[in-house]
Number of protein chains: 2
Amino acid sequence: MVLINGESRAFIEIADRGFQYGDGLFETIEVRNGQAVFLKQHLQRLGLGCQRLRIPVPDAQTLTFEVNGLCRQMQGTQAVLKIIVTRGSGGRGYRQPDTVQPTRVLSLHPYPDYPKNYAEQGIVARFCSSRLGLNPGLAGIKHLNRLEQVMARAEWDDPGIQEGLMLDINGQVIEGTMSNLFYAKNHRLYTAALTHSGVAGVMRGLVMQFAAEQGSPVIEHSFTREELLSADEIFVCNSIIGLWPVRQIENTHFPVGAISQRLQSRLHQFSHDDK
Amino acid sequence: MVLINGESRAFIEIADRGFQYGDGLFETIEVRNGQAVFLKQHLQRLGLGCQRLRIPVPDAQTLTFEVNGLCRQMQGTQAVLKIIVTRGSGGRGYRQPDTVQPTRVLSLHPYPDYPKNYAEQGIVARFCSSRLGLNPGLAGIKHLNRLEQVMARAEWDDPGIQEGLMLDINGQVIEGTMSNLFYAKNHRLYTAALTHSGVAGVMRGLVMQFAAEQGSPVIEHSFTREELLSADEIFVCNSIIGLWPVRQIENTHFPVGAISQRLQSRLHQFSHDDK
């Protein structure tokens, strides 16, 4: 099921700047019991991304109406809702048209069949050799320029490995191909500062909020692969998987720790209470 | 006029990875007298780009047949042919499908109405504040992740400025938003080394080839804004504009120099003789 600017269509003009230049943004949202989970947070981030890319922010009421309409059809099934907003068509080359009419695409997808033990017993990760580039101007934004992630995800097809961890070109660990990454060491929780690369995920934001509420605010900093491997516990998160402990990175093993479990249960509670 | 995988259509599936992730490449080609100019060089670069992104290279015979068919319709008019090749549809998230079936999109566009004096008397350029990120893995490739150029081109709308020059995040000058950049100083010709960012243009390649044939090989190196402003002459080039001398960057003026003119006439001769 796909809605393009409110109409049921599955095709987009090739002139759309999303296709021509990756000139747009996206959100990937869990749909549960006919509702978009953390919709408020996703629309907020989408709005901030639009502002940074100077794309007119889609009307929140229209978007919410369309999202709710689509999600209602998914009553009883878990699903994934993807929202793409582009700068629309037109302009000359890279130059945008004088009046930008954004394109919004909403599409529903099957929920991935991840085994339940990923969340309970943890996953196996590897380091990717594809690196994240550095660009403060675009860092943090969930934009449509995703070749780096595509190249990294193409590095392995072993189904025993669930995520690839990406370093930036300076060798600092940033995130997973599809997730943000946290680690705990000596009872403190750390994640990468996304000043030069990376995507500031909605789930990352919630984890940081919960950790602060629990009295241990997350420290955003730069860290190497060696620092990560010396962690007491590690987890990755995104809006679809929630929070997965990492039990193994290449040959190093990690326990499913108390901090990960506490955040996981807070997340579970919050997403059921208070969307 | 648009051909998608050989069929006359103007719409693309939203599932296409070109739209979802900018997972593809493009070429922009001048069409003159019903023929694609420098087609051999463009198809060669497209093939190299596909190899670097591990997208199956489109069959050259099919592509050439389609290009020639479209261009024949443009007999008597100058036009622009754009070729986009994407990794096609499918896969799960960033992961590509087991069997990739690339999408190829050929489209014809009006030739831009640039005044003739841009080539003869030179253009005015400015420095953009949007920077090019650093990523050796993607540097040089004409891929579809073009947000940096879009953001840079959105910085000005003064019609008296024809090009914006982009620095990388370290402050090295790299290229124009839509062109490559060369400068001459003390009878030597320089351009940016595209090891960490930038697009290795077909016209850039030809300029380097011609300069070498004329006995003054181009030096690829890193240079700052100050070094550029101390140049004897400057020009930008791409496949549509050919070669434009730069007569002014912000408040600094430059002559239309002998090296630029010699390369311009070699280019003119070559493109008429020996496509």
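Q: Which residues touch the most other members of the largest nonpolar core?
A: They are A:Leu81, A:Val246, B:Leu81 and B:Val246, in a core of 150 residues. A nonpolar core here is a set of buried Ala, Val, Leu, Ile, Met, Phe, Trp, Tyr and Cys residues joined through C-beta atoms within 7 Å. This is a predicted model, in which local features need pLDDT of at least 70, side-chain atom pairs count only at pLDDT 80 or more, and totals for chains, interfaces and linings use all residues. Residues are numbered from 1 along each chain as its sequence is written, with chains lettered from A and ligands numbered from 1 in the order in which they are written.

Q: Why is B:Phe26 called partly exposed?
A: B:Phe26 has 19 other C-beta atoms within 10 Å. A residue is buried at 20 or more such atoms, exposed at 12 or fewer, and partly exposed in between, with C-beta atoms placed from the backbone. The count of 19 lies in between, so B:Phe26 is partly exposed.

Q: What makes S3(A) and S3(B) a pair of strands?
A: Three bridges join S3(A) to strand S3 (residues 11–13) of chain B, and the two run antiparallel. Pairing requires at least two bridges found by DSSP, so three are enough. Within this pairing, A:Glu13 stands opposite B:Phe11.

Q: Which residues does B:Phe26 touch, not counting residues up to four places away in sequence?
A: B:Phe26 touches B:Lys82, B:Ile83, B:Ile84, B:Lys142 and B:Leu144. Contact means that the C-beta atoms, placed from the backbone, lie within 7 Å.

Notes
Helix = DSSP H or I, 4+ residues; strand = E, 2+ residues; numbered from the N terminus. Contact = placed C-beta atoms within 7 Å.
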